[in-house]
Amino acid sequence: MMNTAKLKRFNLTEFSLNNPHLIISIYLALIILAIIAVIDYIPKRLMPYVESPIIGIVTMQPGLSAREMEIYVSKPIEEKMVDIKNVRYIRSTSQDGFSMVTLEFPYGNDMKQAQVEIEALMKVVQADLPVTGANLKPSWVLSIDPLNLPVISFNLTSPTVDEVKLRQLADNEITNRLKKIPDVWSVYAFGGYKRQLQVIIDRQQLAAYKLSILDIKNAIDKFNIAKPAGRLTTSDEEAIIRIDNLCLKPSDILNYPLKAVNNKVIYLKDIARVQDTYLEKRSSYNHIHNKKIEQGIEISIIQTPKASSPKVIKAVLKEINAIKKEYPSLNFTISYSNSRFVDILMKNISEELILAVVLTSITIFLFLGDINGTLIALITLPVSLSIAVLALIPLNLSLDSSTLIGLLLSIGRLVDDSIIDIHAIKKHLKLGKSPKLATIDGISEVRLSVLASTMVLIVALVPLVICGGIVQQMFIGLVIPIMAGLISSFLVSLTLTAVLAEKLLGRQENKFNLWLNRIHKPFDAFLSKLENKYKLLVKFILKHKFANLCRVIVTIIIGFTFYNFIDSEMMPLADVGQAYGVLEVNPNYSFKKTCEIVNKVEKII
């Protein structure tokens with residue numbers, strides 16, 4: 001005869017009470033993993049990374065005017081780019097010999113796919129652009145991220161190294177070594193003096209040999225080359241021939257042949273001289289340090305979008321110290337470091353978390369009046385936070401202002417489930433049940449109610465995660481920690497709270513508990529008076545229903561009326577302790593005159 005007894009349904013709380021060591025071990029491991037993740041794994045940033053929806057197409061054709069660049073370059077590119085999917089706006093900027101066409105997409109669009117499509121279409125557009133000598137370099141497509149600023153910048157100076165050689169060192173050795181650091185996206189140098197070999201021609205000699213400036217230019221272009229020259233094949237083997245005749249020093253250029261006159265070869269050295277000097281200076285970098293204006297070369301490092309700023313800066317400083325050992329005459333002065341702001345953010349949030357936990361513990365004790373119940377709630381709080389932190393890893397989120405605020409906001413809700421369970425367990429203990437049975441019955445009694453409240457909050461937050469666009473990009477870092485905290489708090493209340501409640505609740509009161517009860521009694525009396533007044537208020541509302549309805553309607557009208565007077569911003573205003581200014585001078589001023597004006601402003605600063 002078959003056994004018709006119903007199978008006992010699985011009870012997670014009962015399983016936890018039967019396996020307390022397993023439950024404690026699991027949550028202890030999660031706390032350790034969360035600490036490791038915060039210290040070394042999860043990226044730390046000042047602001048959440050929002051992928052830029054802008055892609056630019058750059059074309060350079062020296063010699064064409066701004067109007068010609070607009071007609072023959074910018075406009076044909078714009079007309080073709082309308083075929084790109086999901087493009088919202090197309091803008092262009094045309095200058096002498098330069099064109100920039102900018103495409104803007106909705107936030108959340110697949111920008112990698114969009115860039116591939118634009119690059120493919122540009123291969124077709126390139127055939128419609130004017131064919132000039134400068135057009136040997138085709139247009140190139142690049143992503144534009146105005147928020148991806150340098151995480152650290154240095155002012156490079158040296159008391160002994162020549163200024164031209166210092167810029168060469170910055171462009172080559174220093175830049176290449178810093179680019180090898182993991183999570184470094186790009187490194188660029190700005191300011192200083194760039195090397196240039198200048199050919200100074202003697203006009204009288206040029207006329208004597210019946211040559212022109214174009215003859216000199218053609219000779220330099222002809223001999224200053226590096227390119228393959230075919231293969232040399234024999235019966236047994238073959239070799240690739242390559243011409244490598246790039247000029248590296250003045251003597252290389254001076255020996256270029258120009259023409260032959262009466263069996264005599266005329267070289268460049270016969271009509272000109274070459275100076276190994278620097279390019280006309282069109283940029284300058286000054287750093288005000290210790291009340292002194294230092295002119296140097298800026299070395300700026302931009303990290304990959306989702307990298308951890310402190311980690312990248314630490315690796316950069318390590319490499320800079322290694323470069324200093326090889327080049328003792330170089331001085332690297334930090335002119336900007338993003339780690340300072342990240343450190344301040346992490347410090348402030350840590351202080352807020354600690355303060356929140358302390359205030360939460362005081363509040364829980366005043367309402368529960370039980371030191372053991374307060375201890376249980378405080379133990380479950382960091383456990384739930386640890387699980388919420390670990391949830392950031394699979395979603396590729398970082399510890400930034402958004403996620404940290406989300407964790408901070410979730411603290412108040414994380415202890416609610418434990419408080420409800422503790423209250424229910426204490427009620428069943430008063431009925432004379434054993435700690436284990438009281439824990440199972442108490443948590444089972446409120447389990448569905450706690451689950452319902454948790455699901456309501458999660459469902460209310462889900463639209464912010466799936467709405468797409470800039471709203472999703474900005475709020476996902478704030479919402480995910482709250483949702484993860486709600487889920488983890490519910491699981492912890494069914495497992496760890498049950499284990500701790502069985503061990504700690506229902507114990508006999510000691511002298512310490514009696515002393516704490518004296519502190520709690522005045523507050524308990526205050527709550528009792530407040531509860532009695534609330535009862536009277538409820539009775540009044542139930543007796544005067546129409547008056548209460550009118551109050552509700554008036555409140556709604558006033559609320560919607562005042563809403564129109566509230567200002568709105570995309571992001572709250574914040575003081576990060578830095579300022580950025582732009583100085584414009586007369587367009588006709590020379591670079592030297594502009595530098596003089598800037599120096600006067602720097603002295604005022």
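Which residue in β9 is the bridge partner of Arg-231? I looked it up in the predicted model, and the partner is Ile-240.

Next I checked how the two strands sit together. β8 covers residues 226-233, and β9 covers residues 238-244. They run antiparallel, with 6 bridges joining them. I count this pair as a hairpin, with 4 residues between the strands.

Then I asked how many of the 8 residues of β8 are buried. I got 0, so I'm noting that β8 lies largely in the open.

On to helix α10, residues 339-368.

Ser-339, Phe-341, Val-342, Leu-345, Met-346 and Ile-349 are among the buried residues. Further along I have Ala-356, Thr-360, Ser-361, Ile-364, Phe-365 and Leu-368, buried as well.

Last, confidence. The chain's mean pLDDT is 82, and 94% of its residues reach 70 or more. Which element has the lowest mean pLDDT, and which the highest? α10 is the lowest at 76, while strand β5 (residues 152-157) is the highest at 90. I flagged residues 1-7, where the pLDDT is below 50. Beyond near neighbours in sequence, I find 0 contacts for that stretch in the model.

Key: Residues are numbered from 1 along each chain as its sequence is written. This is a predicted model: local features need pLDDT of at least 70, side-chain atom pairs count only at pLDDT 80 or more; totals for chains, interfaces and linings use all residues. Side-chain values use heavy atoms; hydrogens and water are left out. The expected span of a helix is 1.5 Å times one less than its number of residues. Buried means under 20% relative accessible area, exposed over 50%, partly exposed in between (1.4 Å probe, protein chains only). Two strands pair if DSSP finds at least two bridges between them. pLDDT is the predictor's confidence in each residue, from 0 to 100. Contact means heavy atoms within 4.5 Å.
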